[in-house]
Amino acid sequence: MEIVTKNWEKINPLDINTYIRSGGYEALRKVIRETPLKVVSEIKRSGLRGRGGGGFPTGEKWEITAKIEADEKFIICNLDESEPGVYKDRIIAEKNPHQIIEGLLIGAYAIGAKRAFIYINGHYKKPAEILKIALEQAREKEFVGRGIMGSSIDVEIEIFSGAGAYICGEENALINSIEGKRGEPRLKPPHPPVSGLFGKPTIVNNAETLANVPYIIKRGADVYSKIGPSLSPGTKLFLLEGAVKNKGIFEVPLGTTAEDLIFNSLYGGGMEDGKEFWFAQIGGASGRLMPRGKLDQLLIYGPSEYPIGAGSILVVDKMADIKDLLFSWADFFHRESCGKCVPCREGTYRLWEIAKWLKNNDLKERDRENIEDILWTLSNTTFCPLGNFAAVAWSDAISMFSEEIFGK
Amino acid sequence: MSIQKILLEFEPKLENLLRVLKEINKQEKYISESDCLKVAGYFSLPLARVFSLASFFDLMNTRPVKKKIIRVCSGGPCTMKRSFEIIRQIEMLLKIEMGNDSHPKVKLETMSCLGLCDQGPVMMIDEQVFEKVRPETVDDIILDYL
Amino acid sequence: MQIKINNKPYNCESGETIFSICKRNGIRLPTLCAHPDLLPSEGVCRMCLVETNQSKGLVPSCVQKVSEGLEVRTETENVNKARKINLELLWADHAGKCAACLRNGRCELQKLAKEYDIDGFKFVPRRKELKSENELDLLKDNWSHVVADEKNPCIARDSQYCIECRRCVRICREMQTVEAYGTNYRSSNTNVGTPYEIPLDCIFCGQCSAVCPTAAITEKDEIEKFEKALADPQKMVIVQTAPSVRFTFLEEFGMPPGTFGEKKLVAALKALGANKVFDTILGADLTIVEEAAELIKRVKNKGVLPMFTSCCPSWVVYVEKYYPEFIPNLSSCKSPQQMMGALIKTHYAKKEKFDPKNIVSVSIMPCTSKKYEAARSEMKASGRQDVDIVLTIRELARLIRKKKIDPIKLEDGKFDPALGISTGAGMLFGSSGGVMEAALRTAAEKITGEELGRVDFEVVRGEEGIRCAEIEINDLKLRVAVVHEIRNAKKMLEDLKSGKAQYDFVEVMACPNGCIGGGGQPVPTSPEIRSARIKGVIVRDKGMSIRKSHENPVLKKIYKEFLGKPGGDKAEELLHTKYTNRKNIS
């Protein structure tokens, strides 16, 4: 099932005409003849959810901002994507940048924003170049800028390049960094759809989410809402990594199981030769560890035992060194903690310190006893969810694989 | 290009503050106190505010980088592709310890995911990115580069 | 509306935070980052987390606003677990250091650590102290670097004690608009400090040291210098005490704020071995007489108006650094401390036949900034620095405790009369509006030539940031303003520049509510505590027999015997000063 990756082999990212010939910008043309609220309602009915990890219903978010009267509103495409194991947005930007741009334009019109940003990961230099050229070509064709396609609608898009901080993928930290502030999360409420960039109503959408919008407009909410489970419709770009035979990006309908993704020859094709499945981390560095017995869980957004996050699936085999993985997780969150609140700033450091000792087989009993407290405080007392994220994989690992980790 | 010229390419609006600092870092390889003062003056902000922003991010340095920095990705996918073996290999080759700053000419660090998981394991030496590095080949890469 | 806290109902308004309601009703909630002078709170320390019925997880009470039907529990198992673990995480870099620490016994973190009975050695220290500036490059093994800054004349910093509560960043930015601090770096390297680790470059008001919960930021400690002088038999140690410190001194020994502790303060200083103890209020009276004369002269001769008071050294430095175009507006009068200092080493020394070389002139101040003022190159009327050592009242209290003296148990002491008579007008200097009121009492009588029936000018008292009034003296309409906190001073200056406001005479104090809220005063501080201190000042002024500066008998004698007349040559030489444009210079 192809929605986001549709026609990629026919499209040259540096030539807008290849996108147009494949049906590109037709959705935009359709949208500017409708009222903004009709567009919002269509996206709402489609059931589209955020593909960056949160899984919040996109249409509901758009509705909040669309209904606010404000002198200025913003929409931001979140292409910061710094989650380990996730690079789908980069691929979308490299293969079909116009799909993101079109989705962004439709979103801007729907909520009433005249200014849009594409916040792109600071390391993504090539994709940023491609997007820049794509924007120029879109501007030439009057898809972007003043008077879109001869109408009275103005939408300006700027690229804003990040400066290297995972936390800036969180919408408030992202907004803060555009405002020239440290990428620290803000107190919620107020939420960005009500008060975001420079205090104005702001929508932050993941690039993959926006890439789905043109399809929904063209084919209709009814069609889209029937793909996959009704509470979490559509397709998702999953990323298979680790000890699986076929690594890479696979677009499948939501509701597919991890079992299917990993072992079906259409997708993962099973484990690499000679490797035995141990567990799969679902979602990224903050993902839960799914053991063999749970592989039949449906991969969906919304309440679920194994949240799919941004869609990364790291397949780990029994020969893998769990201590290296534990260090990998602790190292990442320690480096990326913004440092604002005590439990995360100190807790991620202490977890990293323990991971280091563990990796060097140097962990003392007293420090091992501290692990539970550190994980508890990270899960329960932090300012923002990054603390929770830092504790997820460790908590699962310790409860499921304590013997492999600590021996005895 | 002088710092003045870089500044004049941007209006002194808050959304340009991070952009300006990145430009300066791109050219000068770090943001010195005097450059930071110029930026602060241009945006009418206290120096402490601008430094607070600049020191937060990975892609900006507030001190000159005097060593070669080798970074190896420690993300999940790269770990599964043996990036930690690469680290151990480098430690042995250069007789340094990861994270330790005591060698005068080179430092070995882990780094966060660059979004190149399909090309992993990923390693950087200064600004050069190396993809699909293997413990068997890393010695040659390092020796070539240093 | 009504909410429940620990199962009891409490009244509250919508928009209030749970924390403020608990505080109001005496319900205990720990905090390390919230502060009554820094509202709204940010919720970074996570000490104030509570359980509620409207949320699954723990909720920060300092930011959570109340809502209908809210039920809060402040002492559950999870709440206490959260406090304990987070304190243990913070304590790792503090364990074992209390005995030698300046804030031993008076530290907010230590207090909480004791209360929650935390394990001091659960985690190993992670902040490494650097040995030299070159080592700033060497961040071994991701250890967070530590910066010790001794280069500011008034404030000492040591970031190994910093818990990143950000109070200092906020107060310097929000209350004083200077923003000398920032939150730097990221992750566990996050450190509150100056850009590029430069020495702290500021206006020395010391508010940061007054809000810091630990010993990360303190007043520059000069107790040792004082002890050395006291122990030197060759030296004549002459101490002067500021107007406001007598209302805050006994807070350090358990008494309520605003308690009049002058007699015990003098007694304690004598017990320490000071040779003479004089009252800075005499200097305040001198300041008033000189400043009133200067104001009248400027008004009559169409001199530079408005005239600004100049007894607050932080305010003076602020003008010199940020608004040098207003330097001509500053009164040329020195501050009471410096006027006293000048007199002590000239007139008094000569009269008593002391060699000024052997005088160690010490002042006890509410203020860190006075340390800088005493060292200014202009303050050398006697040929050497007129004031040698400035101690904040916190340092003095520390020394008194070190010597195991209990001031409350001492017999009342009295100022030495030679320079020790005070007036109600001078006493008012302690609080915002006091200098203005004292000046008006003198100026009114000098202009009208008649005695004032009622000496109170309530219109300039109060606690708002900017208070203005029009005072009618004969046919002169004096437009006056009283300002405290630099953010209000900045607004006042901008209004003057834009023409939105016109004044003739403005009193400016950098610290909240004036000197009684000074950066060197006892901590904790809050609007309520300062209010109580102000009450003490007003009550004392009312109860004094002499309430106008120019009626101070010692002052009259000094003019007769030595100074001549206000604004005269001798006065100019000893009691007036000059200022320097310091824009863009640290």
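Predicted model: local features only at pLDDT ≥ 70, side-chain atom pairs only at ≥ 80, totals over all residues.

Student: OK, how many helices and strands does chain C have?
Tutor: Chain C has 18 helices and 20 strands. Its radius of gyration is 25 Å, close to the 25 Å the globule rule gives for 586 residues, so chain C is as compact as a globular protein of that length.

Student: And what box do its C-alpha atoms fill?
Tutor: Roughly 75 × 55 × 50 Å along the principal axes. Of the 586 residues in chain C, 54% count as buried.

Student: Switching topic: how many residues does each side put into the contact between chains C and A?
Tutor: Chain C gives 21 residues and chain A gives 23. On the chain C side, helix 2 (residues 77–91) gives the most, with five residues. By class, that side has ten nonpolar, seven polar and four charged residues.

Student: Now chain A. Where does helix 15 bend?
Tutor: At A:M400, by about 85°. Helix 15 (residues 386–406) spans only 26 Å between its end C-alpha atoms, while a straight helix of 21 residues would span 30 Å.

Student: Which residues of helix 15 are buried?
Tutor: Among them are A:L386, A:F389, A:W394 and A:A397. The buried residues pack against strands 7 and 8 and helices 12, 13 and 14 of chain A.

Student: What comes just after helix 15?
Tutor: A:G407, which takes a positive phi of about 80°.

Notes. Residues numbered from 1 in each chain as written. Chains lettered and ligands numbered in written order. Helix = DSSP H or I, 4+ residues; strand = E, 2+ residues; numbered from the N terminus. Expected span 1.5 Å × (residues − 1). Bend = angle between axes of the 7 residues up to and from the residue. Buried ≥ 20, exposed ≤ 12 C-beta atoms within 10 Å, placed from the backbone. Contact = placed C-beta atoms within 7 Å. Nonpolar A, V, L, I, M, F, W, Y, C, P; charged D, E, K, R; others polar. Rg over C-alpha atoms; globule rule 2.2 N^0.38 Å.
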